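The sequence and model come next.

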Amino acid sequence: MPQSRYPRRIGTWPAVGLTVAVLVAANVVLHRWSGLTGLVTAVVVSALLLGVLRWAGGTRADAGLAPGTLARGARWALALAGLVALVYLVGALLPVTRGLFEDRRYEGMSGGELMLRVFVTVPVGTVLVEEVAFRGVLYGLVDRARGAVWATAVSSLLFGLWHVLPSLHLAAVKPGLNPVFGDSAAGAGAAVAAAVLFTAAAGVLFCELRRRSGSLLAPMGLHWAVNAFGYVAGFLLR
């Protein structure tokens with residue numbers, strides 16, 4: 001009997017394990033290298049993870065990328081981006097919250113570098129890979145096996161852990177956080193723990209947007225707006 005030219009499908013949980021393994025390696029690479037290397041890594045990892053989902057029998061709908069949902073997702077994304085812009089504007093103007101937007105990483109940044117981050121680095125190097133991985137592939141795999149509650153829990157927990165490495169020096173670069181966490185090792189650890197909890201909670205919100213809209217574009221739009229407008233606010237308040 002001739003063998004099929006297509007590989008046998010992988011099970012859901014082995015696919016989840018493979019996805020996590022790819023993300024662990026990608027997290028290390030993206031933490032160590034930025035620029036073109038980081039962008040290429042993000043694109044390759046996104047494509048690879050979508051391949052894992054397909055290998056497990058998943059569809060574009062499981063990834064939140066069904067053609068029929070894209071227009072609705074785009075409308076959600078635009079509305080959410082507008083809301084975030086308004087919140088950032090008010091927060092940057094109020095003296096009581098303005099310090100939260102200050103970040104030493106923006107010192108010396110040019111306008112060109114800002115535009116590159118807002119329109120290239122954030123959407124490709126951050127939003128694409130994270131949304132495809134956590135609200136697309138992981139959410140889709142677990143949702144098929146255990147439902148939306150489990151999918152949200154697994155995706156959001158791993159999304160929080162994904163931010164451990166980027167948060168290692170958070171208190172040092174954000175002056176507004178230094179009075180809260182201090183300069184000690186314990187304070188740095190508390191800042192990382194807080195970042196993990198915060199991003200895990202954000203992951204729950206992103207998953208709910210994915211579920212309600214039926215499209216990955218909704219959490220993508222909110223994710224981009226939060227990061228991109230954060231850069232803009234920090235740049236303007238240097």
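Helices (H or I, at least four residues) and strands (E, at least two) are DSSP runs, numbered from the N terminus. On that basis the elements of the protein chain run α-α-α-α-α-α-α-α-α-α from the N terminus on, a total of 10 helices and 0 strands. The model is predicted: local features need pLDDT of at least 70 and side-chain atom pairs pLDDT 80 or more, while totals for chains, interfaces and linings use all residues. Residues are numbered from 1 along each chain as its sequence is written, and side-chain values use heavy atoms, without hydrogens and water.

Of the 238 residues in the protein chain, 42% are buried (under 20% relative accessible area, 1.4 Å probe, protein chains only). A nonpolar core is a set of buried Ala, Val, Leu, Ile, Met, Phe, Trp, Tyr and Cys residues joined through side-chain atoms within 4.5 Å.

| Core | Size | Residues include |
|---|---|---|
| Largest | 43 residues | Leu 23, Leu 49, Phe 134, Leu 141 |
| Second, separate | 6 residues | Tyr 106, Met 109, Leu 114, Val 118 |

The four residues listed for the largest core have the most contacts inside it. Helices that each supply at least two residues of this core include helix 1 (12-32), helix 2 (35-55) and helix 5 (111-146). Helix 5 gives the most, with 11 residues. Leu 49 touches Thr 19, Val 22, Leu 23, Ala 133 and Val 137, not counting residues up to four places away in sequence (contact means heavy atoms within 4.5 Å).

In helix 10, the buried residues include Met 220, Leu 222 and Phe 235.

Methods
Buried < 20%, exposed > 50% of the residue type's maximum accessible area, 1.4 Å probe, protein only.
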